[in-house]
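This report looks at charged side chains and how they pair. Please keep the sequence and the model in view while reading.

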Amino acid sequence: MARREFTKTVYAQIVKRALHPKDGICCEGCGLVLGAKPYHIDHTIPDALQIDKSRKLTADDGKLLGVECCHKPKTADDVAVIAEAKRREERHLGMKRKTQPIKSAPFARSEKPQRQAKAELPRRSLYRETQP
Ligand SMILES: [Zn+2]
């Protein structure tokens with residue numbers, strides 16, 4: 001299912017919410033004053049995990065996050081969470097994911113190492129010699 005994006009109106013609502021009257025735009029994750037630093041509007045719940053996609057996104061579904069301070073780390077987290085959720089769903093539905101063979105060339109077979117020639121040790125008797 002396609003990822004839903006925020007409409008211009010909702011986007012503006014979120015930016016206005018993050019706009020501090022004196023400091024300007026602040027990160028809604030950590031409160032950092034962003035000024036001219038880049039920011040993203042983040043889906044509070046990753047869109048790929050939403051079940052009801054017909055509902056319209058509202059300003060409550062998004063958070064203004066600074067790219068450097070909060071958005072980058074959260075996106076990396078989301079990717080892992082989404083992958084895990086997909087695997088869980090597949091297991092639940094009994095779907096088997098095809099395993100793909102590794103595409104790279106296999107390692108070249110190596111020669112078996114030659115046996116090292118060693119001087120033979122003197123034989124030891126297995127049993128202790130008993131005195132008659
Ligand atoms: Zn932040």
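With which residue does Glu 68 form a salt bridge? In this predicted model, the partner of Glu 68 is Lys 72, and the closest N and O atoms of the pair are 3.2 Å apart. The two residues lie four positions apart in helix α2, which spans residues 67-92, so that about one helical turn separates Glu 68 from Lys 72. Glu 68 is exposed, with a relative accessibility of 55%, whereas Lys 72 counts as partly exposed at 49%.

A further pair in helix α2 consists of Glu 84 and Arg 87, which are three residues apart and therefore also separated by about one helical turn. Glu 84 and Arg 87 form a salt bridge in which the closest N and O atoms are 3.1 Å apart; Glu 84 is partly exposed at 29% relative accessibility, and Arg 87 is likewise partly exposed at 39%. Salt bridges with shared partners also link Asp 42, Lys 74 and Asp 78 into one network.

Arg 55 forms a salt bridge with Asp 61. Arg 55 is partly exposed, its relative accessible area being 36%, while Asp 61 counts as buried at 13% relative accessibility, because buried here means under 20%.

| Salt bridge | Closest N and O atoms |
|---|---|
| Arg 55 and Asp 61 | 3.3 Å |
| Glu 68 and Lys 72 | 3.2 Å |
| Glu 84 and Arg 87 | 3.1 Å |

The count of salt bridges comes to seven.

Methods. Residues numbered from 1 in each chain as written. Predicted model: local features only at pLDDT ≥ 70, side-chain atom pairs only at ≥ 80, totals over all residues. Heavy atoms only, no water. Salt bridge = Lys/Arg side-chain N within 4 Å of Asp/Glu carboxyl O. Buried < 20%, exposed > 50% of the residue type's maximum accessible area, 1.4 Å probe, protein only.
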